[in-house]
Amino acid sequence: MSATQLLGRLLGVRDLTSVERLELTFAAPWAQGSSFALLLACAALVALAMFFYLRAQPVRGRGARIVLIAARGLLLSLLLLFLAEPTIVAHLTTRPRPLVWLLFDGTDSMNIADDLPAADRTKLAQVADLPTNDATTGTPPPTRLEYLSAVVERRRDNVIAKLGEKFRLKAFQFDRPDAVRAL
């Protein structure tokens, strides 16, 4: 897995092709104007920590004083940077898979059992993985909806699953004369 694919997976971006550039910006309105002013403010906070430990707070030992100055200066600077709300702006290039819309009939006509010739009924039953009905069993032939459900729910050689590998699928159903609804 490449770094681009890993970044795409972390960001939830499918089919990420490349990362053009990454920019660090600040979302807080007072920090958007100048990064140099933010850097000066961090330096001032480090200077304030130095003043505190050199003049106002007596600490024995030079090493301890340096560690405390560095820790407090770093902590105050990080607090200021967090308040500036750092944001990474990523300019990405994606190549999404084409979109295919599937439209399913949801009208009452899907409850009709068609009177098909025996050869056509056999072929359709094989495609839908349904048992072949003949006139001797006395069972009624499957309805259009039963054929469609069998094809959609098929485990092996599922046409919709194969389409889903190459395309983004969006399914709709029309069951009213004036509109369709998303599934």
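A: Let us begin with strand pairing: two strands pair if DSSP finds at least two bridges between them. Strands of a sheet pair through backbone hydrogen bonds, either parallel or antiparallel. In this structure, which is a predicted model, β3 and β4 run parallel and are joined by seven bridges.

Q: In what order do the strands of the open sheet lie, and what is the pairing?

A: The open sheet has three strands in the order β3-β4-β5, with mixed pairing. Its edge strands are β3 (99–105) and β5 (181–182), each of which pairs on one side only.

Q: Which residue of β4 stands opposite F104?

A: F104 stands opposite Q173. Strand β4 spans residues 168–174, and Q173 is found there.

Q: Is Q173 buried or exposed?

A: The cut-off for buried is under 20% relative accessible area. Q173 has 16% relative accessibility, so Q173 counts as buried. Leaving aside residues up to four places away in sequence, Q173 touches L103, F104, G106, V180, R181 and L183. With R181 there is also a polar contact of 2.8 Å between the side chains.

Q: How are two packed helices to be read?

A: Two packed helices are described by the angle between their axes and the distance between the axes. Here, the axes of α4 (residues 118–128) and α5 (residues 144–152) come within 8 Å and cross at roughly 40 degrees. From α4 the contact involves R121, L124, A125, V127 and A128, and from α5 Y147, A150 and V151. By class, seven of the residues in the contact of α4 with α5 are nonpolar, none is polar and one is charged.

Q: And how are aromatic rings compared?

A: A pair of aromatic rings is described by the distance of the centres and the angle of the planes. A search of the whole structure finds two aromatic pairs. In the pair of F52 and Y53, the ring centres are 5.0 Å apart and the planes stand at 80 degrees, so this pair is edge-to-face. F52 is partly exposed, with a relative accessible area of 29%, whereas Y53 counts as buried at 7% relative accessibility.

Q: Which loop holds E85, and what is the phi of this residue?

A: E85 lies in the loop between α3 (62–83) and β2 (86–94). E85 is not a glycine, yet its phi is positive, at about 55 degrees. At 43% relative accessibility, E85 counts as partly exposed.

Q: Where does D157 lie?

A: D157 is in the loop between α5 and α6 (159–166). D157 is a residue other than glycine with a positive phi, near 55 degrees. D157 counts as partly exposed, at 44% relative accessibility.

Conventions
Residues numbered from 1 in each chain as written. Predicted model: local features only at pLDDT ≥ 70, side-chain atom pairs only at ≥ 80, totals over all residues. Heavy atoms only, no water. Phe/Tyr/Trp six-rings, centres within 6.5 Å; stacked < 30°, edge-to-face > 60°. Buried < 20%, exposed > 50% of the residue type's maximum accessible area, 1.4 Å probe, protein only. Helix = DSSP H or I, 4+ residues; strand = E, 2+ residues; numbered from the N terminus. Polar contact = N/O pair within 3.5 Å; in protein donor to acceptor, adjacent residues only side chain to side chain. Contact = heavy atoms within 4.5 Å. Axes fitted to C-alpha atoms, helices over the stretch in contact; angles between N-to-C directions. Nonpolar A, V, L, I, M, F, W, Y, C, P; charged D, E, K, R; others polar.
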